Amino acid sequence: SAPTRKNEGKNHTSKKRKHQVKCILPGLFIIAMMSTAAYGPKDITLRVLVAETGVTYRISLPPAQLTVSNLRAHLAAAVPPSDQILLLGPPYKVPKDSTLHSEEVLNALRLGDIEDDSIPEEPGQDNVNETNEATTVSSSRILSATERTGARRLFLFSKRSLSGSSSVETPICSLQPKELKLPTEPAGPSPLANDLASTTATLPPLHQALTAYEKQFSLYLAQGQVLADGADLRLQACRTSVQEQAVIARALRAAVSNLSDHYHTATRTRAEFTASFQTKLALHSNLLHQFEQNLVHLANVRLDPSLVSMARSSGRVLETLLDTVPVEKERAWAQQCQLGHERLATLFNELDSAFQELGTAATREEEAAKDKEAEDEIQSLWNAVEGQAKQYRDGQANRLNQLTLDHGDVLKIIMEALRDDGDSGEDKTQAAFGPLGEKSKSSKDLVPAMMEDDAKIKAIMERVEQGKTKSMQRMKIRLKEISRAQSNIQRVLTNVGVVRDAMTQQMENMAHLEHLAELPGSYGSFLSEIRRRRAYGHAVNSLSRAMVERLATMRTDEVKAREKFLRGPGRHLMPVFFDLFAPTLATPPPLFTPQMPAMVEMDTMPRVEDETATVGAGTVEMQDAGAVADTEMQAAADPGGTSSASSLTAESHAHQHQQQNQAARPGAGTDPMIASTVHGSDTQPSQQEGQPQQREQNEQQQDASKSQQPAQNQDHLIVSADDHSGNDIIVDPAEGAAVDAEVKTLAYENAVLRQTIERMGGKAPRAYLEEAAAQLDKSKETAAGRSNSARDKDDRANTALELAALRKELAEAKAKTTAAEESLKKVQGDYNVLAAGDKISHRSFEVGDVGLFMLASRRNDGGKRTYLAFHTNCPHRYLSLDCVNGEPNFVVGRIVLQEELLAGDLGTDANPYGLPIGTKFWVVTVEVITSY
């Protein structure tokens, strides 16, 4: 009836208004959901969209049971749990239990539900005429062009469909109702039955004609009701089908996005690996190409004479660097490395071809264009449904309303005609046929028009059916292609790991050939190290000898001071002062017998001459002059080799006085050892140059003799005093030993600086030592024939000259070192260095701190390099690989983001570093300052 259709229109308008209230502010809806949850735990409803068919499943679970496993169990009817693949996004990843419990994710899923449940506004009773007059409808897009809303969706894929192993054919979409069966008789009894029952059994002809009109309009109304209801059903079926096609399109977007993530990962891995591989491959190729040239170069580098001599003393003949290399083994090894190098290049070419087979940008753009066309077709269907089909449905509803009104008017006219009796009633009956004829003429075209529109709605429904079938078929094909592409990407990444392992093994094999290429430089560093160590040994011996001589001189002075006291005022003291007050008053000072450092290393190292020794024999002669000065100073410090303690006795004092008188005469009382040394330094320089080992042994024997002399002294009590003893304290005779110690120390510092300069790529200065050696030769020539005192003066001058030359050389070396350091700082200034005042944090890590991240020994579960923060009691800070370019050994950067995570199951994305389950770790993003 007409009131029924009006009530339906009101209910429809009420639904529209409710929908408007729901969709005006989605944020308020989310806030309402969150506030409702505060009063108690309620079930959480999630929509799961099936990718292959577009069907939507709504699953409601309590918060405690909201897990991935429970979702899979509820979806078992659609896809077996073993074949299920769930993707949540964007970005599209496999969901985890922790993800489903995130309030942010749940709100994003609710926002996606609101977008998908949005239905275009239904026209109310007030704007029916406006809808009829409209020829086009501006419908909203069923597929959002961007992802700016932040909505997320959960899709269900089937492994069998992805792999293509499923034998089930793609179903053919069939929408209902297909055909509408129009009634041929009015439905139900006529409304005139009660009025006609009160009349006679036989109706008058006029009343029978009125009854025929009522049956005709009742039939029109019944047929119009069927056609209007069919239009509603078909419109709803078309809407559902197009929405399912939109779900399929969104699912295809999710699959393509996931494939894109895999492809970008593979591309990044390829770029990083290719750069590192080509660099190392070029280095290996250069080593193999220059193998024979390196051998020739080694044959031209002769060993130091001391090394040759040591080898001959051991029964071996080694004259060049090549003699130290097992040439045949190295050649065989080089051949193996050449084969490995060629095999590695072949593997890389195959890997590069496999990368190229993953597809090009043109092919991906072509596929994206086809996907866009499919989405445009879905949008076109949606526009047809919401435009044309909806207009046809509204037209059917309007015609049904007209038929309902006409049927009511016909009933009213007939009922009024039947109520009048007599002649006037017959006239009214006659008069009723006029309006009824007009109603019949105006209503007879409504049902045929509805049938024509029904055929148009059916055509649109068939078009939607074909579109749904085409979408499912295309989705099945595209998923197979995406699955095949992902399999290829995984296979290529596996091959990258194989080639990387082969490259690591090849690098270990090529290390032997690298030794040959670096051997000349290492040999030079070896000689520099030997010189530095020998300089260190000489410096230690000189400093020790100077210290012992200084202590011996101080003790001699103390003995003389005690003698002066005991022979002067002390001889007037009473015995009680010696026995009771100061029992040690008449005893000598205690002996000092230090333990000299063991320098056994000096006996085992070769005597590699300094570079300045090639100029002449000046350096060796300066060492001989130093030895002479040491011997003379030893004789001066302990004349005659007698005990300083015995000088407290009258007998030792007389003996010492006699020796001093002999020493005052030129050439008298000279120690034979000193005389032989001085003689050898003037007349036999070449002989001492040929016997360096013997000279060192003589020096060590002299040091030992001097250290043993104090132990031979004997302590005596003073029984008498000599008035003729000297009253002056002897001046320190160990000045020469101190000078020699300073010379040796400066020589050691010079060796260290020279080695540093050589390591930095410079050359050690030699001009100053050459000048000092020339001046020393000249001074020795002019010193021939002079007296012993004059020779001593020249020796001291030569020593001072040598000291000045060494100081000058040391200053030059320091200047060059400073210049090199400034150059290094200038080069480092081109990089982003730490700001003034910044320090590397290691006890705590906050945003803004500077951290040092070092390359760990192991890789993460994905086979990527792992960088761990240098720390103190702050473990598990890992550097995000997005901050790393290439393969540096360490990275210094300022922290801009710290993501705190909890280690999940081993072998999953939740535990990329293989930590124990439940371990807290951080992924740190930094602004890279420098990396090496």
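Helices here are DSSP runs of H or I with at least four residues, numbered from the N terminus. The structure is a predicted model.

Met-574 is located in the loop that joins helix 15 (446–567) to helix 16 (575–581). With a relative accessible area of 49%, Met-574 is partly exposed. Together with Val-576, Phe-577, Leu-580 and Phe-581, Met-574 forms a nonpolar patch on the surface, and the accessible area of these residues together is about 500 Å².

Helix 5 presents a buried element. This helix covers residues 103–117, has 15 residues and reaches 21 Å from its first C-alpha to its last, close to the 21 Å expected at 1.5 Å a residue. Eleven of the 15 residues are buried, so helix 5 is largely enclosed by the rest of the structure.

The structure holds nine aromatic pairs. In one of them, the ring centres of Tyr-92 and Phe-155 are 6.1 Å apart and the planes lie at 55 degrees, so the pair is tilted. Tyr-92 belongs to the loop between strand 3 (84–89) and helix 4 (97–100), whereas Phe-155 belongs to strand 4 (residues 153–158), so the contact ties together parts that are 63 residues apart in sequence. Both partners are buried: Tyr-92 has a relative accessible area of 7%, and Phe-155 has one of 0%.

The pair of Tyr-523 and Phe-526 has ring centres 6.5 Å apart and planes at 25 degrees, so it is stacked. These two residues are three residues apart in helix 15, a separation of about one helical turn. Tyr-523 counts as buried at 11% relative accessibility, while Phe-526 is partly exposed at 36%.

Phe-273, Phe-277 and Phe-348 form one aromatic cluster. In a contact of another kind, the charged end of Arg-877 sits over the ring of Trp-922, 3.8 Å from the ring centre.

**Salt bridges**

The structure holds 31 salt bridges. Three of them are listed below.

| Salt bridge | Closest N to O distance |
|---|---|
| Lys-458 and Glu-179 | 2.3 Å |
| Glu-386 and Arg-239 | 2.6 Å |

The salt bridge of Lys-458 with Glu-179 links distant parts of the chain, 279 residues apart: Lys-458 is in helix 15, and Glu-179 is in the loop between helix 7 (159–163) and helix 8 (193–197). Lys-458 is buried, with a relative accessible area of 18%, whereas Glu-179 is exposed, with 60%.

Glu-386 forms a salt bridge with Arg-239. Glu-386 lies in helix 13 (residues 361–419) and Arg-239 in helix 9 (residues 205–289), so this pair ties together parts that are 147 residues apart in sequence. Glu-386 counts as buried at 1% relative accessibility, and Arg-239 is buried at 6%.

Finally, Asp-371, Arg-474, Arg-478 and Glu-481 are linked in a network of salt bridges.

Key. Residues numbered from 1 in each chain as written. Predicted model: local features only at pLDDT ≥ 70, side-chain atom pairs only at ≥ 80, totals over all residues. Heavy atoms only, no water. Patch = residues over 30% accessible without salt bridge, like charges linked within 9 Å, V, L, I, M, F, W, Y side chains within 5 Å. Areas by Shrake-Rupley, 256 points an atom, 1.4 Å probe, with all protein chains shown as cover. Salt bridge = Lys/Arg side-chain N within 4 Å of Asp/Glu carboxyl O. Buried < 20%, exposed > 50% of the residue type's maximum accessible area, 1.4 Å probe, protein only. Expected span 1.5 Å × (residues − 1). Phe/Tyr/Trp six-rings, centres within 6.5 Å; stacked < 30°, edge-to-face > 60°. Lys NZ or Arg CZ within 6 Å of the ring centre and 35° of its normal.
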